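Let's walk through this fold together, one question at a time. Have the sequence and the 3D view at hand as you read.

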Amino acid sequence: MRRGGCYNSRFAMARTTMEPPRISPEVMARYEAVIGLEVHAQLQTLTKAFCGCSTKFGASPNSNTCPVCLGLPGALPVLNKRALQLAMRASLAINCTVQQRSRFARKNYFYPDLPKGYQISMYELPLATGGSIEIEVEGEKKRIGVTRLHMEDDAGKSLHEGFPDSDRWSYIDFNRCGVPLIEIVSEPDLRAPAEAYAYLNTLKQILEYTEVSDCNMEEGSLRCDANVSVRLRGAPKFGTKAEVKNLNSFRYLTHALEYEIERQIGVLESGGTVVQETRLWNVAAGRTEPMRSKEFAHDYRYFPDPDLLPVSVSTAMLEDVRRSMPELPDAKMARFLREYGITPYDAGVLTASRSLADYFEAVVKAGAPAKAAANWISVELLRRLKDADKEISECPVAPAALAELLAKIDKSEITAASGKKVFAAMFETGKRAAEIIAAEGLAQISDTSAIEKVAREIIAKNPDNVAKYRAGNEGVFNFFIGQVMRETRGQANPQTVNEILKRVLAE
Ligand SMILES: [Zn+2]
């Protein structure tokens, strides 16, 4: 494809480069933002929405294509049953009502990476309607309405960069064409970028937990557009909204909303009017830019897709989906509190992602005490993962290996202090705890005569402090504890050290 065919880049070149005027906090405070999000999530199916082509990410360009997803004449689409089941599962998870009858419609528009000339979507009869998602911002809970959830297929991808002749040509990869998506449209219930962030985060967590989508934002499995308007606080009507596209990370979402809210307030404060339009978040420039005037539904000439039967959902199908629903985040958190007796804080940390929650349960199942496991994972393990910039799925310490370490601490085979050293080595080398303890000589000294020998040596070397202690200075006792622990490289049982020192000092 010759460059310039894509109206994205044409508009990007014609953009205005004006920064929005800086608005004082007093003026900002007089306004409130009204935000609604449209979230696209790729369904975790092996094959595409209406054909048998693979959905695998990263396959060589245009290898996962067939006459159906290329829109060749005469090819007929057939709905992927798994895609429908996952879309229904998502609908139930966000408290939507799944409609008994929904219908695919053609959304007509031209784009070089859309070979059919239309997208298969749902219009007047979406799959599910009327749901809600509960978010929490700074301890405050708020229910955000979900207008609808519908199914659609994805377009291909235009590649404008990365080829030797990219200055003259654009390339197209149709692998993504026909990949199944759901679009979840929220009510305009969000009032601040922080609420939008919490909403997207909660929705992402639900879709991951239910295995509806892997929500990999780098691979485009979760994408977000925002409708934003501002109005004077207390004004009865919504202001004119702009749609901001290309918000494919949490950071972009927050920054773009902050920018757009301030821009619109600036327009109104200077006596102008906000134009209804589609804007693009320009990552490099850190601003939203006009992309095209906002399209309206009638521009797309929606009509029922004559190649596809209406979608009919029976009570039995819906019950099947309900029965196979994995545990949702809130339910898991409640169960962790109940079953494991861990703190609400730890339960919150551990259930933040399903993979972390699964890891915790695997450690407990392998024999570790639940409270110790919760504590070690939420402190030691997460800190090391963060430092190493790794996900829990890449954790070099297997759940059984961590359980083995925690059991050794529990049985006083090593001290908690040594345990941290052993854990660090396990994380670095991937070796088992027993191997590291033996190699480093970290086994806890439970031989009381050995500890007593060290204690007596230290007491003999510090007559001044002994005198202070005997004169009633209790604080100096910690000095002796510290010295014995240092001498034994943290391997002496602290309780035993305490008892022996008390006894010997009292002689
Ligand atoms: Zn295909």
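Q: In which hand does α10 pass α11, right-handed or left-handed?
A: This is a predicted model, in which local features need pLDDT of at least 70, side-chain atom pairs count only at pLDDT 80 or more, and totals for chains, interfaces and linings use all residues. Residues are numbered from 1 along each chain as its sequence is written, and side-chain values use heavy atoms, with hydrogens and water left out. A crossing is left-handed if the near helix is turned anticlockwise from the far one by less than a right angle, and right-handed if clockwise. By that rule, the crossing of α10 with α11 is right-handed.

Q: Why is α10 called oblique to α11?
A: Axes are lines fitted to C-alpha atoms, for helices over the stretch in contact, and angles run from 0 to 180 degrees between N-to-C directions. Helix α10 (residues 370-387) and helix α11 (residues 399-410) have axes that come within 10 Å and cross at roughly 120°. That angle makes α10 oblique to α11. Angles under 35 degrees count as roughly parallel, over 145 as roughly antiparallel, 65 to 115 as roughly perpendicular, and the rest as oblique.

Q: How many nonpolar residues are in the contact of α10 with α11?
A: Contact means heavy atoms within 4.5 Å. From α10 come A372, A373, W376 and I377, which meet L402, L405, L406 and I409 in α11. None of these residues is polar or charged, and the nonpolar count is 8. Ala, Val, Leu, Ile, Met, Phe, Trp, Tyr, Cys and Pro count as nonpolar, Asp, Glu, Lys and Arg as charged, and the others, Gly among them, as polar.

Q: At what angle do α12 and α13 pack?
A: V422, A425, M426 and T429 in α12 meet A433, I436 and I437 in α13. The contact divides into 6 nonpolar, 1 polar and no charged residues. α12 passes α13 in a right-handed crossing. With axes 9 Å apart, helix α12 (residues 416-429) and helix α13 (residues 433-440) pack at about 115°.

Q: How many charged residues are in the contact of α16 with α17?
A: Helix α16 (residues 477-487) packs on helix α17 (residues 494-505) at about 125°, with the axes 10 Å apart. In α16, F477, F480, I481, V484 and M485 meet P494, V497, N498, L501, K502 and L505 of α17. Of the residues in this contact, 9 are nonpolar, 1 is polar and the number charged is 1.

Q: What is the bridge partner of A33 in β11?
A: Strand β1 (residues 31-42) and strand β11 (residues 222-232) pair in the antiparallel sense over 11 bridges. Within this pairing, the partner of A33 is V230.

Q: How many strands are in the protein?
A: Helices (H or I, at least four residues) and strands (E, at least two) are DSSP runs, numbered from the N terminus. The protein has 17 helices, and its strands number 16.

How values were computed. Two strands pair if DSSP finds at least two bridges between them.
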